[in-house]
Amino acid sequence: MSLSVNHLLGIRGLKRQDIELIFQTADQFKEVLQRPIKKVPTLRDTTIVNLFFENSTRTRISFELAEKRLGADVVNFSASGSSVSKGETLIDTVNNILSMKVDMVVMRHSATGAPHFLSKHIQVPIVNAGDGINEHPTQALLDAFSIREKLGAVTGKKIAICGDIMHSRVALSNIYCLKQLGAEVTVVGPPTLIPKHMQEALGVNVSYDIRETLEWCDVANVLRIQLERQNTPLFSSLREYSLAYGVNRQLLDSLKKEIVIMHPGPINRGVELSSDVADSGHSIILNQVENGVAVRMAVLYLLAGKKEH
Amino acid sequence: MKTILSGTQVAITVDRLCHQLIENHGDFSQTALIGLQPRGIYLADRIYNTLQKLLPGVKIQYGRIDITFYRDDFNKGKALHVPNETAIDFSIENKKVVLIDDVLYTGRTTRSALDAMLDFGRPSAVELLVLIDRRFTRELPIQADYTGREIDAVNSENVKVRWKDRDGHDDVIIE
């Protein structure tokens, strides 16, 4: 059994069997992470470069831990302080790094499609760690893995994705992943933050009413407002957004059932999610982070194992 | 296809291996049995259950280990292996560990299992129990301490241990 793809550029290119294989592998890596020695020697002959052209805390640390716990050698690169500021192109930068015998690339870039472009020019496996407003596949995988862990399955579950759908790569990857696994998905947020034709294009329900959607769902994945990607104001103020679409204790208490709260981080506390909810028993936010390492180990393991074929 | 051990012979052999274990391990207080995934666990289950019958009331520590992440042929052009469950919920520190597998062939699986096991602690001693020992095919200096049956088979032949729980009936065949 192996993945049907040579790179993880997005969830869009994955089959359901691929996602299930990743989960099945991640289950065993999760066990490895509970051991006294949380490390296996599988990728000891593999060198991986983490190319981060955009800021990151969680994803970057998570990938680095995943790589190290697989026994790989790790090189880190961030755009600030590199020759990118001297005008070097993406292909030149990457080819120079690869000529130093690097076997895999993990890349985050603010330009949509950057890893897809790169995959046409280099021979080694690429893992997309977020490209612009397109996809963030490992986040979607760890989100679905966390839902599966919490609720036993993803198929048939009702998942709400709340907030800035327009600018969120987490939203798009989540939609592809959850739909592929047979979940029902509703996106909810202000009309200015939800692209048109979502229903026709992606088969998700669209709602502008947060209470109604939370009442419907089993899980709410609350997204961060991506102010850095909004060129023109799309709502009048953060305070107004928070009042209309923020998820808080009062709102959750008014529902007739308990729902699971997720957030991909970083949280803007008091904007999309209040602190008392983020830190409550409903929240599986820290489980998501924990699962992130196991899921990324699975992705790296499965891609590295395809290298020679 | 040739039958090496029939169902009855498998049962007799498992009984004998259990008695040999009891001879060496007494009350099993300092012993842990570890079955190797994926196929060794069927023999390990059988050994464990038989020991429980022979020694009622004695607590025997029993786990399973998967060696996928410790293989020496990762990325060597072979098909990728899907990992199985590892379940060792006890300490193996200073215990006598008995690794259990169905067939001892090249010795490479056992080598990987030794590596995997050491990530859980430092046992005082490690032994190997196998149902079938394929002689003259070893690629590493590894031998079994308890053997069900020694056989001579050439590399092109496939030795298969079948279990009731998985394959419908017990036997060992060569094809």
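Modeller: Gladly; let's take the sheet of chain B. Strand β2 (residues 31-36) of chain B pairs with β3(B) over five bridges, in the parallel sense; strands are DSSP runs of E of at least two residues, helices runs of H or I of at least four, both numbered from the N terminus, and a pair needs at least two DSSP bridges. Within this pairing, B:Leu33 has B:Tyr62 in β3(B) as its bridge partner. This is a predicted model, in which local features need pLDDT of at least 70 and side-chain atom pairs 80 or more, while totals for chains, interfaces and linings use all residues. Residues are numbered from 1 along each chain as its sequence is written, with chains lettered from A and ligands numbered from 1 in the order written.

Stepping back, β2 and β3 belong to an open sheet of five strands in chain B, ordered β3-β2-β4-β5-β6 with parallel pairing. The edges are β3 (61-65) and β6 (146-151) of chain B; each has a single partner strand, so one side of each lacks a neighbour in the sheet. From one strand to the next, the twist averages 25°.

Now for the helices. Helix α2 (residues 40-54) of chain B lies across β2, β3, β4 (96-104) and β5 (125-134) of chain B, and runs at about 145° to β2(B). Angles here run from 0 to 180 degrees between N-to-C directions of axes fitted to C-alpha atoms, for helices over the stretch in contact. Helix α3 (residues 108-118) of chain B also packs on the sheet, touching β2, β3, β4 and β5 of chain B (contact means C-beta atoms, placed from the backbone, within 7 Å). The direction of α3 in chain B makes about 150° with that of β4(B).

Note on methods:
Two residues are in contact if their C-beta atoms, placed from the backbone, lie within 7 Å.
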